[in-house]
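Okay, thanks for coming, everyone. I have one model to walk through today, so let me put it up on the screen.

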Amino acid sequence: MTYKLRIGGSNDFVSMIDPYYERCSPPGKVDVVSGWDNPSAIIFDSLEAAHKAADKVADIEGFHTSIEQAVAR
């Protein structure tokens, strides 16, 4: 199975996680895209990787995310 990260309560999905982006304080940046079928959304190959990414998103932006099953591209 594969997975995507949905931003809680929205139709937005994580498309990029940069924990080293220095133009923010503390460093880090998360980009999101709208729509389930958006090809820019990150697809994770394992549940473990999705959980780690969700934790990183919470650390950087404070966003609550849900892990959704996805069909691999």
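Quick housekeeping first. This is a predicted model, so local features need pLDDT of at least 70 and side-chain atom pairs count only at pLDDT 80 or more, while totals for chains, interfaces and linings use all residues. Residues are numbered from 1 along each chain as its sequence is written, and side-chain values use heavy atoms, with hydrogens and water left out.

We've got one helix and four strands in the chain, and read along the sequence they go β-β-β-α-β. Along the principal axes, the C-alpha atoms fill a box of roughly 35 × 25 × 20 Å.

Buried residues are 30% of the 73 in the chain. Buried is under 20% relative accessible area, exposed is over 50%, and partly exposed is in between, with a 1.4 Å probe and protein chains only. As for contacts, meaning heavy atoms within 4.5 Å, take those with a separation of 6 or more: residues 24 or more positions apart account for 65% of them.

Now the charges. Side chains of opposite charge can pair when their charged atoms come close. How many salt bridges does the rule give? The count comes to three, where the rule is a side-chain nitrogen of Lys or Arg within 4 Å of a carboxyl oxygen of Asp or Glu.

One of them is Arg6 with Glu68, and the closest N and O atoms there are 3.1 Å apart. That pair links distant parts of the chain, with Arg6 in strand S1 (residues 2-7) and Glu68 in strand S4 (residues 65-70), 62 residues apart. Arg6 is partly exposed at 21%, and Glu68 is partly exposed too, at 23%.

Then there's Asp31 with Lys29, at 4.0 Å, N to O. Asp31 has 27% relative accessibility, so partly exposed, and Lys29 is also partly exposed, at 26%.

And there's Glu48 with Lys52, at 3.4 Å, N to O. These two are four residues apart in helix H1 (residues 47-61), so about one helical turn separates them. Glu48 is exposed at 53%, and Lys52 is exposed at 55%.

Back to S1 for a moment. Five of its six residues are buried, so the strand is largely enclosed by the rest of the structure. S1 and S4 pair in the antiparallel sense over six bridges, and pairing here needs at least two DSSP bridges between the strands.

Now for the lysine. Lys4 sits in S1, and its bridge partner in S4 is Glu68. Still, a polar atom of the Lys4 side chain lies 2.5 Å from the backbone oxygen of Trp36. Leaving aside neighbours within four places in sequence, Lys4 is in contact with several residues, including Phe13, Trp36, Ile42 and Ile67.

Last stop, two loop residues. Gly8 is in the loop between S1 and S2, and it's partly exposed at 36%. Not counting residues up to four places away in sequence, Gly8 touches His64 and Thr65. Glu22 lies in the loop between strand S2 (12-18) and strand S3 (29-34). Is Glu22 buried or exposed? Exposed, with a relative accessible area of 70%. C-alpha to C-alpha, Glu22 is 24 Å from Ala49, and the two are 27 residues apart in sequence.

That's the tour, thanks.

Conventions. Polar contact = N/O pair within 3.5 Å; in protein donor to acceptor, adjacent residues only side chain to side chain.
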